[in-house]
Amino acid sequence: MKYTLNFEEVNKASLPMVGGKNASLGEMIRAGIRVPPGFAVTTDSYLNFIAEAGIKDKVFKILAKVDAEDVTSLDGASAEVQKLINEALIPSDIEKAIREDYGCLCDKCGVERMPVAIRSSATAEDLPTASFAGQQDTYLWIEGTDNVIRRVQQCWASLFTPRAISYRIKNSFPHEKVLISVGVQKMVNSRAAGVMFTLNPVNGDPSKVVIEGSWGLGEAVVSGSVTPDKFVVDKIVLEINERTISPKNIQCVYDPERGEVVHADVALETQTKPCMDDDEIKELVTIAKRIEEHYGCPQDIEWAIDKGLSFPENIFTVQSRPETVWSQRRKEPIIGKKSPYELLLEKALTPIKYKF
Amino acid sequence: MAKEKVARFPDPHEFKVPKELAGWEEMYPSHYIFAKERGEWEKSQFWYQDKIHDPEPMPPLDLIFHESWQISLSQYTTRVFCIPPAQGIAQRMVGCYMYICAVAPPPEEIIKEKAGYFQKRVFYVFEHYDELWEKWLNKFQKLGREMAAVKIPEELPKYVPEEQVLPAPRGYYASYELIEAFNTLVSMMFKGWQYHFEMLNLTYLAYLMFADVARKLFPGISESAIGKMVAGAYVSMFRPEEELCRLSRLAGSFPEVGKIIKSDVPVEQKIAELSKTEDGRRWLAELEKAKNPWFYVNCGSGWFYYEGSWVNKPAIPFSYMKSYVERLDKGEKIERSLEEISKKRDEIVAEYRKLIKTPEDQKSFEDAYKTVRTIYRYAEDHLFWVEHWFHTIWWDKIRDIGKLFVKYGMLKKVDDIFMFNRFEVPELIEELVTWWALGEGIPLRSRYYMDKAEKRQRILAAARKWSPIPALGIPPKEVAEPFTVMLWGITTDKVAEWLKGAAVVPEKVTEIKGFASSSGVVEGTARVLKLLEEITTLKEGDIMVCPCSNPAWAPVFTKIKAAVTDIGGLTSHAAIVSREYGLPAVTGTGVATSVIRTGDTVRVDGDRGIVIIVKRAR
């Protein structure tokens with residue numbers, strides 16, 4: 001039984017142990033993609049925790065009585081379960097494993113209290129057929145062992161938000177079967193960050209990579225609190241076909257005084273500047289292509305460009321998951337039964353629009 | 001209510017050219033002038049300056065190429081291959097510049113009628129392309145050889161030679177020979193251009209067909225990405241350059257020959273020195289072999305007599321060879337690998353193909369691609385044989401006639417013959433041979449023709465200084481005629497820009513738009529080249545700005561960082577060569593050579609088709 005696993009030790013076969021997000025980070029490292037270092041707190045940790053802490057039976061008993069249509073019942077059950085989890089004592093061997101791995105990460109980065117991002121990585125989340133995306137919490141810029149451990153525990157608890165509970169009930173997904181792993185990953189101190197798709201989500205064009213990015217941490221883009229810059233790039237000839245530079249008035253940044261990530265205003269003259277240059281765009285496209293090729297299906301990728309490092313070492317992939325909308329759709333021929341000749345004739349018979 | 005002002009260009013019948021151009025109408029045949037008798041029709045069309053074939057004022061005799069293409073291109077569209085919605089391209093002259101218009105589509109019933117012919121004829125040619133191409137090339141080369149064999153009398157003899165009289169009089173003599181020679185040359189030029197369009201329109205159709213399929217499969221695919229899949233190496237067009245590489249390598253292998261090639265003496269002296277040694281003579285023999293046809297490549301677009309060809313401007317190929325030999329000395333590779341180019345293209349195609357999910361779509365893509373690639377052979381090769389080889393033969397022959405005019409004092413310079421259009425040259429010939437036939441002591445009307453030639457040179461010089469208005473008449477709301485877009489690069493946006501741009505001061509412009517013809521972004525110093533001769537001023541790493549490039553410019557592309565042209569769409573020469581060399585290119589800007597000045601710092605964005613003037617030269 002392993003309570004933690006370094007990202008370098010996991011791959012897609014580790015999914016039951018580390019969840020989709022973490023497994024995918026391991027896969028990417030194997031594929032040679034630059035991913036910020038970190039480790040996964042395994043599902044075994046979670047299972048062991050709820051068993052050893054003696055809360056397992058209580059939790060599922062509460063959940064069994066929930067009425068998914070009744071908000072009060074959902075909220076009540078959720079609060080009760082989350083309280084149980086957050087207040088339970090973590091078994092010492094699990095705590096020790098997290099403490100050691102976080103220590104190693106700090107040593108590796110040469111920073112005593114290395115800021116990390118802590119994300120839940122559920123085993124049923126983000127699978128192509130069950131989009132649970134965004135149902136668990138993410139904690140940014142967490143520093144120090146005790147804080148890390150506390151947030152890991154909160155991630156476990158986030159498995160039981162009212163939304164998550166109701167979603168599972170409505171989709172007949174047993175609560176007992178959803179396991180949770182937690183990823184602890186070095187925080188990228190990003191100048192710009194965002195998401196990208198290995199096809200054009202607007203029309204399904206598989207020859208494009210569409211990048212959306214904004215200043216600061218990627219949360220501003222992911223949460224939709226800012227209209228990002230958008231670039232549509234041909235992934236084969238690497239031409240930037242479209243670029244939409246939006247006024248990006250807000251960014252997510254770490255505020256050392258408050259010790260947390262905050263939404264901050266962006267200086268007026270910076271708002272309308274593109275948040276990345278052409279070399280960075282092309283590097284991202286190259287990365288997107290590699291990830292897509294590695295997985296063999298279209299991907300939805302989160303990326304970040306570090307403030308301090310120099311190109312191309314500054315470009316990181318923080319997450320990748322299968323694209324779900326178009327991937328399920330495109331089974332039918334697009335052109336249909338017509339031959340190119342027939343298409344040409346059809347075109348030739350359409351009077352040229354030569355309006356005056 | 002205020003009357004809505006319609007955005008339009010001047011009425012061609014009322015448009016006035018600068019007074020320095022007075023008399024320009026006499027230089028061209030009367031059917032090339034906007035005229036009241038067909039004013040209604042002329043007014044209802046949209047005319048734009050043909051910057052692709054004649055960015056410069058038109059020398060009267062060079063109009064013959066255009067006379068022949070107007071008929072040929074149009075007839076293939078309307079009467080031969082019957083492309084249903086398309087009509088011909090009409091031409092007019094205004095102030096020494098040519099204006100053209102894509103005639104508005106025919107009525108619905110004609111479109112339907114043409115469809116039947118179109119289907120049967122066009123698809124047949126698509127299917128039988130390979131054998132047809134062989135036939136075409138044989139036929140065309142035969143015509144060129146026949147033209148080269150047309151005999152121009154070297155003189156009008158005082159008394160015709162004995163053998164033309166005894167034992168039996170031949171019955172026709174130098175006078176008739178000269179009349180006939182010119183008429184034959186004219187007929188052959190028209191025939192050559194009839195051949196020229198045999199398959200050209202079809203290559204554009206094949207391109208449109210493939211582009212349509214590609215856009216259905218990849219909705220956001222750019223024109224330049226499609227271009228990259230289609231364009232290959234202009235096999236014949238790159239031959240002249242390959243021959244130079246071959247000759248340079250050969251020169252490098254004979255130390256003495258290499259030294260002479262690298263020396264800074266005039267070409268004549270180089271040749272004289274080469275012929276002194278055995279190795280030199282061997283090299284000269286190889287040069288001789290390469291000359292016909294490969295040195296018949298024109299130094300310009302192939303449309304103007306004064307551009308010249310390598311074969312009659314040997315300083316140009318010799319300067320290329322000098323730099324090639326020098327590069328070989330440094331151990332550099334001078335050849336471009338055509339295979340490499342094709343390989344790269346195939347890789348791009350394979351990547352797109354891999355993204356197609358169903359076998360049905362894969363087949364459609366495959367079929368359309370196969371057709372376009374097969375047919376493109378014509379687009380890639382005909383240019384050398386027609387605009388270069390054939391035109392060079394024509395000019396040489398015409399100059400032989402010009403020499404006679406000079407010999408007998410009718411014209412001052414050989415090239416003055418180009419100041420007379422093809423209907424006028426027979427008059428000059430008739431005057432000359434009449435003078436000869438009449439006997440001794442007859443006055444020639446020399447002064448009249450010399451003055452005329454001089455006056456026309458002056459008008460052309462004035463026209464060169466004038467920036468002709470980009471268009472006349474009422475612009476269409478939308479330009480969709482495929483040849484207009486593909487070949488001339490005229491789009492709806494372009495027309496809108498012209499409408500806005502009439503009052504623009506070139507010095508104030510900071511950004512110009514064109515086609516994103518070859519991807520990449522670079523910044524550098526601009527070098528504006530109007531004529532190929534000016535390439536000697538080009539420095540390594542310059543950004544070339546020119547009206548439109550052509551294959552004789554190919555060696556230039558190894559020196560430059562990016563290319564910007566006034567004219568040309570995605571399949572223009574500069575676009576294709578830039579893609580092959582991996583240089584950013586923006587083509588079809590319409591105004592680059594008038595807005596950008598040599599020394600300006602410019603940023604060429606080949607991804608978006610934008611050129612930004614970052615800093616003006618002092």
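In chain A, 15 residues of domain 1 touch 19 residues of domain 2, where a contact means that the C-beta atoms of two residues, placed from the backbone, lie within 7 Å. This is a predicted model, in which local features need pLDDT of at least 70 and side-chain atom pairs count only at pLDDT 80 or more, while totals for chains, interfaces and linings use all residues. Residues are numbered from 1 along each chain as its sequence is written, and chains are lettered from A and ligands numbered from 1 in the order in which they are written.

On the domain 1 side, helix 1 (15-30) and strand 4 (138-142) of chain A each give two or more residues to the contact. Helix 1 of chain A gives the most, with 5 residues. Helices (H or I, at least four residues) and strands (E, at least two) are DSSP runs, numbered from the N terminus. Domain 1 covers 4-186 and domain 2 covers 190-329 of chain A, with bounds from an automatic or database domain assignment. Over C-alpha atoms, their centres are 25 Å apart.

## Where the chains meet

Now for the contact between chains: 47 residues come from chain B and 35 residues from chain A. Several helices of chain B supply at least two residues each, among them helix 3 (108-127) and helix 14 (359-407). Helix 6 of chain B gives the most to this side, with 7 residues.

What is the chain B side made of, by class? It has 27 nonpolar, 8 polar and 12 charged residues. Here Ala, Val, Leu, Ile, Met, Phe, Trp, Tyr, Cys and Pro count as nonpolar, Asp, Glu, Lys and Arg as charged, and the others, Gly among them, as polar.

Take a look at helix 12 (residues 340-349) of chain A: Pro340(A), Leu344(A) and Ala348(A) are buried, that is, each has 20 or more other C-beta atoms within 10 Å of its own, all placed from the backbone. Seen down the helix axis, these buried residues fall within an arc of 75°, so they line one face of helix 12 of chain A; the arc is taken over the directions from the axis to the C-beta atoms. They pack against helix 3, helix 6 and helix 14 of chain B.

## How confident is the prediction?

The model scores ipTM 0.80 and pTM 0.79. Chain B averages a pLDDT (the predictor's confidence in each residue, from 0 to 100) of 88, and 92% of its residues score at least 70. Over residues 1-5 of chain B the pLDDT is below 50. Where pLDDT is low, the predicted coordinates should not be read in detail.

Technical notes. A residue is buried if 20 or more other C-beta atoms lie within 10 Å of its own, exposed if 12 or fewer, and partly exposed in between; C-beta atoms are placed from the backbone.
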